[in-house]
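Subject: Structure handover

Hello,

Here is the structure for your files, with notes on what turned up in it below. Please read the notes with the model open.

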Amino acid sequence: MRCGVGDYTAGLARALRDSGRVRVAVLMGAHDGEEEAGIDMIRIRGWSLRNALGVLRAVVEWKPDIVHVQFPTQGYRSDWLPWVLPLLLRLVRIRVVQTWHEIMPMGLRSLPLCFTPGTVVVVRPNYLESTTGWCRLFLANRRIVFVPSASSIPCARLTEGERSELHAKLAAGQERVVSYFGFPYPHKGMESLFEIADPKRDRLVLICVLQESDPYHRLILDKCKDAPWDGKVSVTGFLPSEKIANVLSASDAIVLPFAAGGGDWNSSLQAAAAQGVFLVTTSSTAEGYDAERNVQYCRPGDSACMRAALGSRMGHRVEPPGGADREWARIAGAHLRIYGVLPA
């Protein structure tokens, strides 16, 4: 689905299937996702509370040993059922594991999760220390396991000739290609892209979906049309993962200016780093240039640092790290140990 956590769920489901240790099903909306060999799809009407009995019935009929619920995702929208589902599953004596991709609390709906027993997987380091004081109190006796995530976007397999051809197409008359990839939310800091890149030389490529009906999207679209960027910004809309990898690989630089700082838990950052292209991003902990990963870290909000980084290392490449399959096998192994399928 068009969601970072949806991509993560797909990667985890495939890796668990490929381990040969477990049978896997994905609980999902009736019209969501695509069929996948070796993974059962349990289709439900939706995530409204009125569908609770039908969802529980569908899960029980599949006879799982464990239900593992991911939070939050785009697909849940504003419905309550996913947030109380772990508690309901516990009431029918089904073991539940949760993964929290963001820092608790994740809004009012997330409060039931704090009171639902069971293991919690987190993708961010120092998770407890990052939560609010009252939340730490409730989570003090919970088993919380940190499992670093991996890129859900593959490493591009373009030849030099193909990359050069795609670069020329993306640049569309400009000298350099600066790309952004991710969902357009205020905390992603997208508006600062227009201060960081150089409109005299750069083509901004925004790999995302922008809609006039959304106020923040409209702000970004207005900046695309205003001088000096008018005619120098391309918005790709939704792209499949292979095409995302190709666009990122053909860029001179990728800029991810997270407003509060990012980290390896950000799927867009992982996707960018997987291509070996020069990446400029923000962090509240890391600083300076990481030569091995070809990543420049600046403090959140420091547009001058990011602009200077583009001036000094634009176009620099390193050998892509590769090994995405190994990383997902590592993640699957960690989960199998949590489930008790493999020894801890």
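In helix α13, the buried residues are W328, I331, A332, G333, A334, H335, L336, I338 and Y339. Buried here means under 20% relative accessible area, exposed means over 50%, and partly exposed is in between, with a 1.4 Å probe and protein chains only. Among the elements that cover these α13 residues are α1, β3 (66-71), β4 (95-100), β5 (120-122) and β6 (144-146). Helices (H or I, at least four residues) and strands (E, at least two) are DSSP runs numbered from the N terminus.

This is a predicted model, in which local features need pLDDT of at least 70 and side-chain atom pairs count only at pLDDT 80 or more, while totals for chains, interfaces and linings use all residues. Residues are numbered from 1 along each chain as its sequence is written, and side-chain values use heavy atoms, with hydrogens and water left out.

Helix α13 itself has 16 residues and spans 23 Å from its first C-alpha to its last, close to the 22 Å expected at 1.5 Å a residue; the expected span is 1.5 Å times one less than the number of residues. Just after α13, G340 has a positive phi of about 90 degrees.

The packing of α1 on α13 is as follows. The axes of α1 (residues 4-19) and α13 (residues 324-339) come within 9 Å and cross at roughly 75 degrees. The two helices are therefore roughly perpendicular, the class for 65 to 115 degrees; under 35 is roughly parallel, over 145 roughly antiparallel and the rest oblique. Axes are lines fitted to C-alpha atoms, for helices over the stretch in contact, with angles from 0 to 180 degrees between N-to-C directions. On the α1 side, Y8, G11, L12, A15, L16 and S19 meet W328, I331, A332, H335, L336 and Y339 of α13, where contact means heavy atoms within 4.5 Å. By class, this contact has nine nonpolar, three polar and no charged residues. Nonpolar covers Ala, Val, Leu, Ile, Met, Phe, Trp, Tyr, Cys and Pro; charged covers Asp, Glu, Lys and Arg; the others, Gly among them, are polar.

Next, the aromatic rings. The structure holds 10 aromatic pairs, a pair being rings of Phe, Tyr or Trp (its six-membered ring) with centres within 6.5 Å; planes under 30 degrees apart are stacked, over 60 edge-to-face and the rest tilted. F194 and W229 have ring centres 6.1 Å apart and planes at 80 degrees, so this pair is edge-to-face. The pair links distant parts of the chain, 35 residues apart: F194 is in helix α8 (residues 193-196), and W229 is in the loop between α9 (215-225) and β9 (233-235). F194 is buried at 10% relative accessible area, and W229 is buried at 3%. W47, F71, Y76 and W83 form one aromatic cluster.

F71 also takes part in a cis peptide bond, to P72, with omega about -15 degrees; P72 lies in the loop between β3 and α3 (81-91). Another cis bond joins M104 and P105, with omega about -5 degrees, and P105 is in the loop between β4 and α4 (111-114).

Most residues other than glycine have a negative phi, and most peptide bonds are trans. K63, not a glycine, has a positive phi of about 60 degrees; K63 is in the loop between α2 (52-62) and β3 and is exposed at 70% relative accessibility. N126, also not a glycine, has a positive phi of about 50 degrees. N126 sits in the loop between β5 and α5 (127-130) and is exposed at 55%.

Regards
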